[in-house]
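This report examines how helices place their residues, and how charged side chains pair. Please consult the sequence and the structure shown here while reading.

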Amino acid sequence: MTEHERTQCATLAALLHAAALLALWGFALSGISAAVLALVMPDLGLTATLCFGATALLGLLERYFAFRLRFDERLFDGLAQGRVVSLLSLDVALERLGLRTAPRAERGLEERMRATRQLLQRHGVLVICQSLMFVLALITETFK
């Protein structure tokens, strides 16, 4: 890998590290929603119950995205630091661990970075949806 490519990997790893705060927010929303449902669901209105439930259920997908992003963060950091020596060695390691099937064509660094950024965007949209559902639940309970 070139110095420029290692710098790109380090930059993406830093962005993913910063985005961990978003994952923490999504996890908190899920946990609070689940706790509210477990403790006071009989006293909640239908809309609030559905919104808290949706927030908690979206949290399952959010956790998967957060896991994948954390994993990608470590991989891109490894590429940047030289602990992962090449994309081919990364693919071989992922294949041997059963995390990737044999590739039809080798994916370049740009394609991998684009896919990770898309995953990061999807995670952000998901956490925004969780936030909106949570706020809607609070608003409907406040003005009940």
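## Helix H2 and its buried face

Ala23, Gly26, Leu29, Ser30, Ser33 and Leu37 are the buried residues of H2. Viewed down the axis of H2, these buried residues lie within an arc of 125 degrees, so they line one face of the helix. An α-helix has 3.6 residues a turn, so residues three or four places apart point the same way. The model discussed here is a predicted one.

The buried residues of H2 pack against H3 and H5.

## The exposed side of H2

Turned away from the buried side of H2 is a face that carries the exposed residues Leu21, Leu24, Ala38 and Leu39. Leu24, which is found in helix H2 (residues 20-40), counts as exposed because its relative accessible area is 53%, and the cut-off for exposed is over 50%. Together with Leu21 and Phe27, Leu24 makes a nonpolar surface patch of about 340 Å².

## Helix H1

Helix H1 (residues 3-18) consists of 16 residues and reaches 23 Å from its first C-alpha to its last, close to the 22 Å expected at 1.5 Å a residue. Cys9, Leu12, Ala13 and Leu16 are buried in H1. They cover an arc of only 105 degrees around the axis, which puts them on the same side of H1.

The cover over the buried residues of H1 includes H2, helix H3 (46-81) and helix H5 (109-142). The exposed residues Glu3, His4, Thr11 and Ala18 are carried by the face of H1 turned away from its buried side.

## Salt bridges

The model has 6 salt bridges. In one of them, Arg63 pairs with Glu62, with the closest N and O atoms 2.9 Å apart. Arg63 is partly exposed at 34% relative accessibility, whereas Glu62 is buried, with a relative accessible area of 0%.

Arg70 and Glu73 also meet in a salt bridge, at 3.3 Å from N to O. These two residues are 3 residues apart in helix H3, which means that about one helical turn separates them. Arg70 is partly exposed at 45%, while Glu73 is buried at 8%.

A further salt bridge joins the side chains of Asp77 and Arg83 (2.9 Å, N to O). Asp77 is partly exposed, with a relative accessible area of 24%, and Arg83 is exposed, with 54%. Elsewhere, salt bridges that share partners join Asp91, Arg100 and Arg112 into one network.

Notes:
Residues are numbered from 1 along each chain as its sequence is written. This is a predicted model: local features need pLDDT of at least 70, side-chain atom pairs count only at pLDDT 80 or more; totals for chains, interfaces and linings use all residues. Side-chain values use heavy atoms; hydrogens and water are left out. Patches are made of residues with over 30% relative accessible area and no salt bridge: like charges are joined within 9 Å, nonpolar side chains (Val, Leu, Ile, Met, Phe, Trp, Tyr) within 5 Å. Accessible areas come from the Shrake-Rupley method with a 1.4 Å probe; for residues, only the protein chains shown count as cover. A salt bridge is a side-chain nitrogen of Lys or Arg within 4 Å of a carboxyl oxygen of Asp or Glu. Helices (H or I, at least four residues) and strands (E, at least two) are DSSP runs, numbered from the N terminus. Buried means under 20% relative accessible area, exposed over 50%, partly exposed in between (1.4 Å probe, protein chains only). The expected span of a helix is 1.5 Å times one less than its number of residues. The arc is that of the directions from the helix axis to the C-beta atoms. Contact means heavy atoms within 4.5 Å.
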